[in-house]
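Please keep the model open while reading.

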Amino acid sequence: MPARMIDQLTRLRVPWIVADAKAVIVGHGPQVPAIFGREPDSELLGHSLHEILDSWDTATGLDAAYRAIRERGHWIGEFTTVIADAGAARPRWTTWRATAIDDDERDGDVLFVIDDRSELARTKFDLDRMTRCFQAISASSHDAIVILDQHGRINYYNDATRRIFGVHQMDLNGRTFYDLLTPEGYRDAYLRGLFDFSRAERPFEGGEFRVLAGRRRDGTEFPLELSVSTVRVENAWWALCVMRDLSDKVRVELEYHTILNAMRDGFFVADAQGRFLEVNNAYCRLLGYTLPELLRMKLNDIEEVAAEGEGFHYESIRRKGFSRYETRHRTRHDQWIDVEVTANYLDALGGRIVTLVRDITEKKAAEDALRKSEAHYRHLLESIPQKVFYKDRDSVYVTVNSSFASDFGMTPRDFVGKTDFDFFPAELAAKYRRDDARVMEGARGEAMTEHYTSGDRVLTVQSHKMPLFDPDGRAMGILGIFWDITERIEMEEELRRKHRETEQALEAAREADAMRTNFLANVSHELRTPLNAIKGLANVMAIETEMPTEKRLQYLATINNNSEVLLRMMNNLIEVARIESSPHAPKEMVFDLDPLLAALTQRFEIHAQAKGLEFRYKRAPRFPSLVIGDPIMIETVLNNLLDNAVKFTDRGHVAFSAVAMRAGVNRRNLRFVVDDTGIGIPAEDLGKIFQSFYQSDRSSTKRFRGSGLGLSIAMEFAKKMDGALHVESEVGRGSVFTFDVPVGIPPRE
Ligand code: ADP
């Protein structure tokens, strides 16, 4: 090792180390212990360089140096290493240059000249870190960050700048902010600012924000907030500009105000003292104040105060976070407006009240009208005598009128929320509920007559039920009205009954009338026929004086017959007239039945035989002769029965019998039976033949002329004498008339 060289290195204060071929330190400069922080003799000399340069880089560097020296005899190279430093507080960045020492004594020694670059490296490291920080910050910043030199040329810009200004890649070559991003209207201001900034002696500390405008690549302008800081580097000023795009904020504010002012409802923000901080147009319009006027006022100047000392209840709104109430607000013209206030507590900005004010004048008026209409409706409901109810869709009473409620000794209020099961027997209530459901399912109402219990009375009512629908067409309940028609139904029933009776009476009268008409025709005919015969024969006899005796006798018999027919007819008519005008009581006289019966049988035997009929007469052995009674009535009855029998019989016989039964002391019941084999009487006529003027079997009346009076007179007389008259008959077989009459027997002397 050339001592001169080492001296020189030492003098130049260049740290050096000599190591042998095995990298063991054999000598070093005086600075070396300090660089490594080790003791010169005990920790350096005789120790391997590997011990103190123990990082991987160092080992590689050392190996490379020794390899080159072994192969080529020398190596001049450089490697930087961090020295493993046991004692020193800081790591050392050092660069090593190695040279093989050409020395005969010590073959393979290597001189390392060490350059300690620790301070420089640290500065570089710090700078690097700072730069990286700045880049990270500027890359992630939402704000545009631009660095300008003092001529306004853009030196640096971040991603946000590109985004905000709408540029892709800026050509920065000599371009200024002025060229690129300053809008027309702001160029003068920009230039003035740049001039001030370039001449400023002190750096701007930044932090002062100014709202300016920016220009996008496409020429549009937008609101921009700018803050500038300056730094001086190597005699030159640099400006760091941070710019924020205010478009969103401005737009949001614009929208906010547009919405507020487009709102129909009033809106205001008030502070804790109730001072208006912000008011929309609608609220100004509502109250008639201008915005500046309102902004000088408090809520207490506007809102109606219920009681002394009350007013803007900030505390309660704050506690609840929300409050909605109805009150009145006073207009500029001292009028009160009904309003609904919705106040929200907003924690931000020192506790503000954000409030909506709705004009409810119309709503109040509508409510008022509704209340009135409800009152009218109630009045109407109460004033009609019918019973009215309204039930909801579950058949629960919503309201009823007093007419209904009073049936139960209750008031309408008692019905609310109850059902029919609370008032009616279960079965009836169930029926009502079924009816309700059916009516609600149908679209139209139903009218029905039904029963209804009021107390212990069962009434018949007429009811109308109709479904009520909500605006969506869903059934929401049922309206019913009903009234008592019990009396009406009874009256109708009574009327129907009377009507039926009248109809029957009329029918009877019509029949009677028809019979009377028929009777008149018959009677006139019956009277005229025998009279004409009598008159004709009498005339002939008057003219033919020389009439043979036989013929005369025949004429006289005919005259006599016709006279009898005439007489019988007259008698009947007289009887009828007598009965109708003055019904008289039967006589109680003693008379002899024998001659009466003898005359009758004699006469009808002749009539019967004249018609070719057999006439039978049978008188019971103990039949009395002298009796007490009405001989005329008895004879009239028998006469009529026998006359009919002969009249209505064409072949066969007519039988007449008389029996008597004891009916007490001196009392007998006489029974006369007239039995014929004639035409008979239809069963349906049996009840009618005893009425006046009735003649059965019209077709036969032509053959059997009569008045229709005989049997009615006979029945009349039989009843008067406390007797009875019966008939049994069969059409085509004949008839049996039975006449019962009680008589007295005169006591024997
Ligand atoms: P008339 O003058 O028509 O005989 P009556 O009152 O005696 O009136 O009788 C009423 C009707 O009763 C007769 O028209 C006849 O139709 C019926 N009638 C009465 N007796 C007999 C009888 N023995 N046989 C059949 N019909 C009879």
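## A helix pair and its surroundings

Helix 21 passes helix 23 in a left-handed crossing, a term used where the near helix is turned anticlockwise from the far one by less than a right angle, right-handed being the clockwise case. The model is a predicted one, in which local features need pLDDT of at least 70 and side-chain atom pairs count only at pLDDT 80 or more, whereas totals for chains, interfaces and linings use all residues. Residues are numbered from 1 along each chain as its sequence is written, and side-chain values use heavy atoms, with hydrogens and water left out.

Two packed helices are described by the angle between their axes and the distance between the axes. Helix 21 (residues 631-647) and helix 23 pack at an angle of about 145°, their axes lying 9 Å apart; the axes are lines fitted to C-alpha atoms, for helices over the stretch in contact, and the angles run from 0 to 180 degrees between N-to-C directions. Helices (H or I, at least four residues) and strands (E, at least two) are DSSP runs, numbered from the N terminus. On the side of helix 21 the contact is made by Met-633, Thr-636, Val-637, Asn-640, Leu-641 and Asn-644, and on the side of helix 23 by Gly-710, Leu-711, Ile-713, Ala-714, Phe-717, Ala-718 and Lys-720, contact meaning heavy atoms within 4.5 Å. These residues divide into 8 nonpolar, 4 polar and 1 charged, where Ala, Val, Leu, Ile, Met, Phe, Trp, Tyr, Cys and Pro count as nonpolar, Asp, Glu, Lys and Arg as charged, and the others, Gly among them, as polar.

Helix 23 is largely enclosed by the rest of the structure, because 8 of its 11 residues are buried; buried means under 20% relative accessible area, exposed over 50%, and partly exposed in between (1.4 Å probe, protein chains only). The buried residues of helix 23 are Gly-710, Leu-711, Ser-712, Ile-713, Ala-714, Met-715, Phe-717 and Ala-718.

In soluble globular proteins, nonpolar side chains tend to be buried together. The largest nonpolar core of this model has 48 residues, and those with the most contacts inside it are Phe-672 and Phe-739. Helix 21 gives the most to this core, with 8 residues. Such a core is a set of buried Ala, Val, Leu, Ile, Met, Phe, Trp, Tyr and Cys residues joined through side-chain atoms within 4.5 Å. Leaving aside neighbours within four places in sequence, Phe-739 is in contact with residues including Ile-634, Val-637, Leu-641, Phe-672, Ala-718 and Met-721.

Met-721 sits in the loop between helix 23 and strand 26. With the same exclusion of neighbours within four places, the contacts of Met-721 include Pro-586, Met-633, Val-637, Phe-739 and Pro-742. The C-alpha atoms of Met-721 and Lys-587 are 8.9 Å apart, although 134 residues separate the two in sequence.

## Individual residues

Just after helix 23, Asp-722 takes a positive phi of about 60°, and Ser-395 likewise has a positive phi, near 65°, in a residue other than glycine. Ser-323, found in strand 13 (residues 322-330), touches His-313, Ile-317, Val-341, Thr-342 and Ala-343, not counting residues up to four places away in sequence.

| Residue | Relative accessibility | Class |
|---|---|---|
| Ser-395 | 4% | buried |
| Ser-323 | 7% | buried |
| Met-721 | 8% | buried |
| Gly-288 | 33% | partly exposed |
| Asp-722 | 65% | exposed |
| Val-665 | 70% | exposed |

Ser-395 lies in the loop between strand 16 (387-392) and strand 17 (397-400), Gly-288 in the loop between helix 11 (281-287) and helix 12 (291-295), and Val-665 in the loop between strand 24 (653-662) and strand 25 (667-676).

## The chain as a whole

The chain has 23 helices and 27 strands, and buried residues make up 39% of its 749 residues. Of the contacts in the chain with a separation of 6 or more, 50% are between residues 24 or more positions apart.
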